[in-house]
Amino acid sequence: MGTEWNLKNPYLTTISEKDVLNGPGATKETRHVSILLGDSGLTYRAGDAIGIIPENPKDIVEKLIELLGFNPSQEVESHSGKVTLYNALKKDYEIHRLNKKFVKALPGLLSDDSGSLIEIQLVKSERNNVTKNTSDSWELSTDGDLPANYPIQSKNNPSAKAEIITKDNDAIEDYIWSRDYIDALQDFPSLNFDTPEDFLSQLDKIKGRLYSIASSPDAHPGEVQLTIAIVRYNHHNRDRAGLCTGYLADDVEVGKTKFGVYMSPTKSFLLPDDGSTNIIMVGPGTGIAPFRAFIEQREIDKSTGKNWLFFGDQHEATEYYYKSQIKGWLDNGVLHDFTTAWSRDQAEKIYVQNRMLEHGKEIWEWINDGAYFYVCGDKNYMAKDVHAALIQICSEYGGMNSDEATEYVTQTLMKEEKRYLRDVY
Ligand SMILES: Cc1cc2nc3c(=O)[nH]c(=O)nc-3n(C[C@H](O)[C@H](O)[C@H](O)COP(=O)(O)OP(=O)(O)OC[C@H]3O[C@@H](n4cnc5c(N)ncnc54)[C@H](O)[C@@H]3O)c2cc1C
Ligand SMILES: NC(=O)c1ccc[n+]([C@@H]2O[C@H](COP(=O)([O-])OP(=O)(O)OC[C@H]3O[C@@H](n4cnc5c(N)ncnc54)[C@H](OP(=O)(O)O)[C@@H]3O)[C@@H](O)[C@H]2O)c1
């Protein structure tokens, strides 16, 4: 049921809520988004993820077409078939950030006119004022800066600028980091495309974004709930947003806007088959998402295994997501332990791995007793630090040296027993 829906053939649906989870005064924006599964037949398990296909913001599409100098209603050949240029740029291609292929091709894309401009440069000047009998002279040095009284102050040569930007990988990454195609067209007014297709051929196809599902299908039938950190930043005096998170937060209207979704089932990030198994879950920030689903599921299944959640974010006052639900679980005993790390509520940072180390003895006892250990959230920093903390705990309390503890965590727990599971991104 529902298996016909996929990335290429997504189910079109709407949302029923997108509430901000942060309290007043927060510096970040995290939303609880509910997607309606309607008549799709789509099913999922706690631990699965869902894919969302975003669209580009209307104002960015319009500005881009204006700068390109084409007609938005013009029919073009896109990978989705024959569509208007407006629709191709709204739905089919990523335009919110330059791609590497485009930046690498920049020197060649600049129109021939700019490349073949003849540059005339004055190298020496001497002017005599006959009435005052004074003289004003200068000679161009080779060290770069133009003399203050040089007749033309602009050193702006598009070809030279493009060469600098594409000098090496770091320069390309630097240019891409804060710019989209609007910035590039404004930086290089001589950038010219004969046809819309010439421009489209430089772009990447729009990609779906995955989100760990934050709900149990049994607790919320017909819905998929998500915990989404909205990506926002400002570069070159323009407010910008992540493509999918900006789309959901700013453009998708509750109950109205239709967009495509598809399921992305997990292979292994699942609850233990045996409900009496204890589980430890480490999920700071949006990493809490699948653990809300796990706990909801264990509550409904009346699983007897104990549940221990490590959660953290910037401030308790503004980032304590799902507070009343968590309090309810602590009251009714579904959540055996809840350990928090509010990173910015004191002078020094406190992270989930610091809390793990404080509870090292207990964590080792749970693991040694057969508990599953789950991690979800940031891959680049948090998951690595939590991994190191787990090894340290196994070494300290499990009587292993550091090599043995590493082997135990990465081989025994992860690969052989498959009870150290990660959903990191
Ligand atoms: C299996 C899986 C599960 C996931 N689950 C969740 C989840 O539950 N919740 C969640 O919120 N996310 C989750 N993600 C991440 C999610 O898929 C998206 O990557 C994320 O929401 C950003 O998407 P976007 O389209 O809004 O941003 P994009 O447009 O794709 O941009 C994101 C990129 O913007 C860049 N960026 C960030 N800040 C700046 C800045 N200041 N200047 C310039 N560039 C910047 C970063 O390089 C980042 O990679 C998950 C990812 C995976 C793979
Ligand atoms: N692939 C992606 O696109 C991706 C993936 C994950 C996160 N992000 C970005 O991260 C932003 C927010 O994500 P999020 O809300 O899930 O939270 P987050 O940024 O991961 O932060 C959650 C908590 O983790 C803390 N933290 C920072 N470094 C840590 C470390 N090394 N070890 C343990 N904890 C650490 C943070 O503290 P401090 O902030 O106080 O240091 C905060 O308290 C999003 O806007 C998104 O751009 C992007």
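Let's start with the shell around ligand 2: by class, it has six nonpolar, five polar and six charged residues. Keep in mind that this is a predicted model.

How many residues surround ligand 2? The count is 17. The closest are T286, S343, R344, K349 and Y351. Now look at which domains supply that shell. Domain 1, made of 11–53 + 208–264, gives at least three residues. Domain 3, covering 279–424, also gives at least three.

On to individual contacts. S343 is one of the closest residues, and an N or O atom in its side chain sits 2.7 Å from an oxygen atom of ligand 2. D385 also uses its side chain: a polar atom there is 2.9 Å from a nitrogen atom of the ligand. Q314 uses its backbone instead. One of its backbone N or O atoms lies 3.5 Å from an oxygen atom of ligand 2. As for burial, ligand 2 taken alone exposes 880 Å². The protein buries 70% of that area.

Next, the second largest pocket. Its volume is about 580 Å³. Which residues lie nearest its centre? They are L7, P10, I53, K91 and I206, out of a lining of 19 residues. Two elements give two or more residues to this lining: α2, at 85–92, and β15, at 259–264. β15 gives the most, with three residues.

Domain 1 (11–53 + 208–264) supplies at least three lining residues. Domain 2 (55–119 + 137–207) likewise supplies at least three. So keep domain 1 in mind for both sites: it contributes to the shell around ligand 2 and to the lining of this pocket.

Last item, cavities. If you want to find it on screen, pick out its lining: H96, R97, I176, W177, S178, R179, D180, Y233 and R240. By class, that makes three nonpolar, two polar and four charged residues.

To recap, in order. Ligand 2 has 17 residues around it, and the protein buries 70% of the area that the ligand exposes alone. The second largest pocket, at about 580 Å³, has 19 lining residues.

Key
Residues are numbered from 1 along each chain as its sequence is written. Chains are lettered from A and ligands numbered from 1 in the order in which they are written. This is a predicted model: local features need pLDDT of at least 70, side-chain atom pairs count only at pLDDT 80 or more; totals for chains, interfaces and linings use all residues. Side-chain values use heavy atoms; hydrogens and water are left out. A residue is near a molecule or strand if one of its heavy atoms lies within 4 Å of it. A polar contact is a pair of N or O atoms within 3.5 Å; within protein, one must be able to donate a hydrogen and the other to accept it, and residues adjacent in sequence count only if both atoms are side-chain atoms. Accessible areas come from the Shrake-Rupley method with a 1.4 Å probe; for residues, only the protein chains shown count as cover. Ala, Val, Leu, Ile, Met, Phe, Trp, Tyr, Cys and Pro count as nonpolar, Asp, Glu, Lys and Arg as charged, and the others, Gly among them, as polar. Domain bounds come from an automatic or database domain assignment. On a 1 Å grid over the protein atoms alone, a cavity is a set of points where a 1.4 Å probe fits but cannot get out, and a pocket is an open set with protein on both sides within 12 Å along at least five of seven lines; lining residues have an atom within 4 Å of a point. Grid points are joined across faces, edges and corners, and a volume is the space filled by probe spheres set on the points. Helices (H or I, at least four residues) and strands (E, at least two) are DSSP runs, numbered from the N terminus.
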